[in-house]
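Hi,

Here is the structure I promised to send over. Have a look at it first, and then read my notes below.

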Amino acid sequence: MNHKSDFPIFDYFQKQGKPLVYLDSAAMTQMPRAVIDAVRSHDEEAHANVHRGIYALSETATAKYEQARETVRAFLNARSANEIIFTRNTTESINLVAYALGKSMLREGDRILISRAEHHSNILPWQMLAEEKGIVLDMVDADEQGKISLAVIERLITPATRLAAFSHVSHVLGTINPVAEMGKLFRERKILFLVDAAQSVGHLPTDVQEIWCDFLVFSGHKMGGPTGIGVLYGREELLAGMPPFLRGGGMIQDVSFDHTEFAVLPAKFEAGTPNVSGAVGLAAAIEYIRKIGFDEIRKIDEEMTTELFSRLGQIKGITIFGPHDAKDRGGVASFTLDGIHPHDLATILDRDNICIRAGHHCAMPLMKYLGVLATTRTSFWVYNTRDDVKQLAEGIEKSRLLLKKKP
Ligand SMILES: Cc1ncc(COP(=O)(O)O)c(C=O)c1O
């Protein structure tokens with residue numbers, strides 16, 4: 001089934017006579033009309049601050065904001081809405097955890113386990129703890145197909161390992177990591193587990209109880225939602241014991257000049273006016289995903305990946321990184337083309353309104369490990385069709401012939 005017609009942007013470019021081939025959903029998904037309408041109707045009919053006003057309009061906005069939190073709770077199968085904190089994005093969610101754990105539970109000499117394939121957002125906050133608190137970072141390497149084995153993780157665990165932070169789906173290699181098995185292992189070893197679900201939550205069902213994770217983070221704009229809204233899921237006992245990240249209005253119980261009592265969860269971690277319409281849009285995106293269904297989304301990802309491997313495999317000089325089997329991958333694939341810089345390729349493809357990503361993808365440690373400066377990345381979501389992949393392959397072949405070095 002073709003879901004393109006749910007997304008107004010494709011119609012817009014079609015009417016301009018420049019059909020859009022959008023293959024950069026790992027950076028940002030397009031928004032379905034259902035999300036755009038939900039945000040617009042909130043802005044037109046319910047725009048007011050939340051948890052502050054005594055008047056009906058503010059109460060309506062508060063109810064919608066809290067309903068959005070409940071929608072996220074159900075989507076993740078969290079035990080309580082107190083475990084859902086709204087943030088701006090994945091990056092802010094991870095920084096919140098790093099800051100608060102650094103202030104409360106982590107000590108000098110403690111160790112944190114991450115993989116070399118992580119996004120900078122899941123490296124730099126831990127690096128900050130390494131610099132400021134003398135915490136040691138341990139790096140897990142993937143095998144040649146980008147898979148992380150539990151045996152390798154087990155070898156790196158020491159009695160000082162306190163936290164592990166891994167992405168569910170790699171934003172460069174596309175690898176689906178075995179987070180449920182990892183979660184069980186970390187729980188048995190009493191190691192806190194943070195899952196970066198930025199690339200998975202819009203593609204695979206996510207159940208925080210099944211994964212056994214302590215924290216799970218994601219961004220609305222990579223799953224059909226608006227920008228500026230993200231989520232931190234945290235186990236309630238942990239969040240309750242962590243100090244606030246930001247301080248100010250909306251997160252207090254009582255303030256005097258020499259002492260402040262903080263509000264209970266989730267308000268303790270939501271200082272200042274939140275992105276109310278963003279939360280409403282995120283809830284609409286979750287409803288949209290539910291309507292399409294993860295079986296259908298998974299089918300599309302696998303179909304697109306298989307088509308990509310088949311078409312790109314016929315182009316001379318292409319190397320595709322990550323797992324070989326579409327079943328082991330999410331909706332992301334990165335490749336290089338011999339002798340052609342990814343930026344040049346992206347620029348030529350853009351002439352035909354084909355949007356792909358070129359660069360280091362905020363994963364410089366992985367690029368260094370792969371021995372490349374940059375790759376070209378394609379990423380899919382529900383609107384993509386085999387024809388998009390065909391146009392990409394034709395565009396790459398055209399670029400290759402155009403940019404080929406003369407002997
Ligand atoms: C796996 C992963 N983690 C974290 C991020 C950072 O997300 P954001 O920029 O929304 O904070 C990204 C963004 O591409 C990502 O792919």
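Predicted model: local features only at pLDDT ≥ 70, side-chain atom pairs only at ≥ 80, totals over all residues.

**Strand 3 and its surroundings**

Strand 3 and strand 4 run parallel, with five bridges joining them.

Is strand 3 buried or exposed? Five of its five residues are buried, so the strand is largely enclosed by the rest of the structure. Arg111, Leu113 and Ser115 point one way from strand 3, while Ile112 and Ile114 point the other way. Note that Arg111 and Ser115 are among the buried ones.

If you zoom out, you'll find an open sheet of seven strands with mixed pairing, in the order 2-8-7-6-5-3-4. Its edges are strand 2 (84–87) and strand 4 (136–140), each of which pairs on one side only. From one strand to the next, the twist averages 20°.

Helix 4 (residues 90–104) packs on this sheet. The strands touched by helix 4 are strand 2, strand 5, strand 6 (192–196), strand 7 (215–219) and strand 8 (230–234). The direction of helix 4 makes about 35° with that of strand 8.

**The ligand**

Which residues are closest to the ligand? They are Asn89, Thr91, His119, His171 and Ser219, out of 14 residues that surround the ligand. By type, this shell divides into ten polar residues, three nonpolar and one charged.

**Two domains**

The protein chain is divided into domain 1 (4–30 + 293–403) and domain 2 (35–289). Taken over C-alpha atoms, the centres of domain 1 and domain 2 are 28 Å apart. Where they meet, 28 residues of domain 1 are in contact with 28 residues of domain 2.

On the domain 1 side of that contact, helix 11 (294–312), strand 12 (332–337), helix 13 (364–370) and strand 15 (375–379) each supply at least two residues. Helix 11 gives the most, with four residues. The residues on this side of domain 1 divide into 15 nonpolar, eight polar and five charged.

That's what I have for now.

Cheers

Key:
Residues numbered from 1 in each chain as written. Domains from an automatic or database assignment. Contact = placed C-beta atoms within 7 Å. Nonpolar A, V, L, I, M, F, W, Y, C, P; charged D, E, K, R; others polar. Near = placed C-beta within 6 Å. Pairing = 2+ DSSP bridges. Axes fitted to C-alpha atoms, helices over the stretch in contact; angles between N-to-C directions. Buried ≥ 20, exposed ≤ 12 C-beta atoms within 10 Å, placed from the backbone.
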